[in-house]
Amino acid sequence: MSTDPWPAASPAERIGRSRALMRACAGAVAAWFAERAGQREFAVFEAHFAVLRTVLDELLSAVEGRLDGLGPAGVPVDVHAACRDLDARVEIVRRLFGWYREKYDQRADPVLGPTIRAADAIVRSCWTAPFMIAEVPRPAGPLTWLDHRYDAAARLRTAVPGELRALAEELPIPVVVLPAVSVVEPWWLALAAHETGHHVLHELDPGLPAAARSAVAFGTAAFETAGAWPDWAEESFCDAFAVLCVGPAAVRAVAELEYGPPADLVRFPGDADRYPPPAVRLALHGELARAVGLDPPGPGAAEVAAWLDTLPPGAVAPLAVDEVRAHLDLVPAVAAALLGLRVNGCDLPELCGFRPERFAPGGEVDEWLAQLPRTDPVVLSRQSQTAARSAIAAAAARPLDPGAARNLLTLLDGSGPPGTLAGPVRRDVDPRPVVDRLFGLDLTLDLTGEAHGA
């Protein structure tokens, strides 16, 4: 029997090192949850924390179980290889925990904290209403954080590093990413309504995504250009959801994101587009607002078509103009189809708790507009279920000076009725799919110590 010339720890010593690494990670997890327990700014995440703690503990327990199975009398070379593999999996768990911890901890950051806690209030208001009104059990709502981008997202696949995505996709914690510019211009938090709409679409009723596609397809079925609309159904649903939640603020946010030269607004749609051309999307906002009685509703299909007539020759490719005109003809039918979607007997405006008087003179939005500039503002409707949505609608209605912006964030934090981002905390979460994903990853460990999915 040959003897390797390289010095190496005994199997028992090598297993002990891996066990220490695993327990250090477990200790960091336990310490963070203990620190955050009972802190007011994290109270809305009780359901999240219950799920995340269960899954992280189970992942690390599974690693320890595999270490126990190695045995101190194993073949050294096999034990070392197995321990390196398990160390890499502990590193993945540590990084997964760190990814979530960083997002939650924005609430304790002195700069980001006021803005992200305000965003939590808006998301909670948008998230709660449909489940409560449809009388559907409410799952854990979205984890929101600020990122240095100028748009927003509600997609885990675009936000989580690739090597962590397989695990994160198994966690029942939806995510919403909002632009960090919201710290300076908090009205951008209006984007939270659209992004929350993605999660409502997929969680409120299993048949709702297909119903949205079918409704849009049926509403446009008589037109040759209808083929693309079902592919735009999800984003169009979320635009409708946002209009119903935050009113004209939804229109302003999209206009700020989309506004540009005519050739950018009026373009031929691509096969992979998730949205209609910007001019068509903005017209959809106007038609949605008009259909539910918002005043003023903003430019609809007819107004955008009239604007096309004013474009100088050569400003936009003629084929793109023709295509956009054809889609503008469909916009009123699409708006009606989206607003007519029903869950448990309630249409979309009902599900969002939409009331046009909230945006009318003397309504909730007006109350916020009057109070935000004051030195000591008092908003009597601050604890209503729609308070956070009315507040951000007011913020988007006119520029806020620094004092009014601070008032907005202060009053948003803790607005709405008591509650969390979910109903009763689930304690029966099955962590096995996440464990299976962890041990199904094909990992290598490079010389920097970073674990990567192959």
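Residues are classed by relative accessible area: buried means under 20%, exposed means over 50%, and partly exposed lies in between, with a 1.4 Å probe and protein chains only. The model is predicted, so local features need pLDDT of at least 70 and side-chain atom pairs count only at pLDDT 80 or more, while totals for chains, interfaces and linings use all residues. Residues are numbered from 1 along each chain as its sequence is written, and side-chain values use heavy atoms, with hydrogens and water left out.

The protein chain holds 18 helices and six strands. These elements are DSSP runs numbered from the N terminus: helices are H or I runs of at least four residues, and strands are E runs of at least two. The C-alpha trace spans about 90 × 55 × 40 Å along its principal axes. The chain has 454 residues, of which 54% count as buried. Contact is defined as heavy atoms within 4.5 Å. Among contacts between residues at least 6 apart in sequence, 76% join residues at least 24 apart.

Helix H1 covers residues 11-36. The expected span of a helix is 1.5 Å times one less than its number of residues. For the 26 residues of H1 this gives 38 Å, and the end C-alpha atoms are 38 Å apart, which agrees. Several H1 residues are buried, including Pro11, Arg14, Ile15, Met22, Trp32 and Phe33. Arg19 and Arg36 are also among the buried residues of H1. The cover over the buried residues of H1 includes helix H2 (46-70) and helix H3 (76-104). Just after H1, Gly38 has a positive phi of about 85 degrees.

H8 is mostly covered, with 13 of its 14 residues buried.

Two packed helices are described by the angle between their axes and the distance between the axes. On the H6 side, the contact is made by Ala193, His194, Thr196, Gly197, His198, Val200, Leu201 and His202. On the H8 side, the residues include Glu234, Phe237, Cys238, Phe241 and Val246. By class, this contact has nine nonpolar, five polar and three charged residues. Ala, Val, Leu, Ile, Met, Phe, Trp, Tyr, Cys and Pro count as nonpolar, Asp, Glu, Lys and Arg as charged, and the others, Gly among them, as polar.

Glu195 is also found in H6. Glu195 is buried, with a relative accessible area of 5%. Leaving aside neighbours within four places in sequence, Glu195 is in contact with Ala152, Ala153, Ala154 and Val176. Ser125 lies in helix H4 (residues 113-134). Ser125 is buried, again with a relative accessible area of 5%. With neighbours within four places set aside, Ser125 contacts Gln385, Thr386, Ala388 and Arg389.

Most residues other than glycine have a negative phi, and most peptide bonds are trans. Glu135 has a positive phi near 60 degrees and is not a glycine. Glu135 is found in the loop between H4 and strand E1 (143-147). Glu135 is exposed, at a relative accessible area of 71%. Asn344, another residue that is not a glycine, has a positive phi of about 50 degrees. Asn344 sits in the loop between strand E3 (342-343) and E4. At 54% relative accessibility, Asn344 counts as exposed. The peptide bond from Asp295 to Pro296 is cis, with omega near 0 degrees. Pro296 lies in the loop between helix H11 (278-291) and helix H12 (301-309).

Asp347 is found in strand E4 (residues 346-347). Not counting residues up to four places away in sequence, Asp347 touches Leu339, Leu341 and Arg342. The C-alpha atoms of Asp347 and Val63 are separated by 48 Å, and the two residues are 284 residues apart along the chain.
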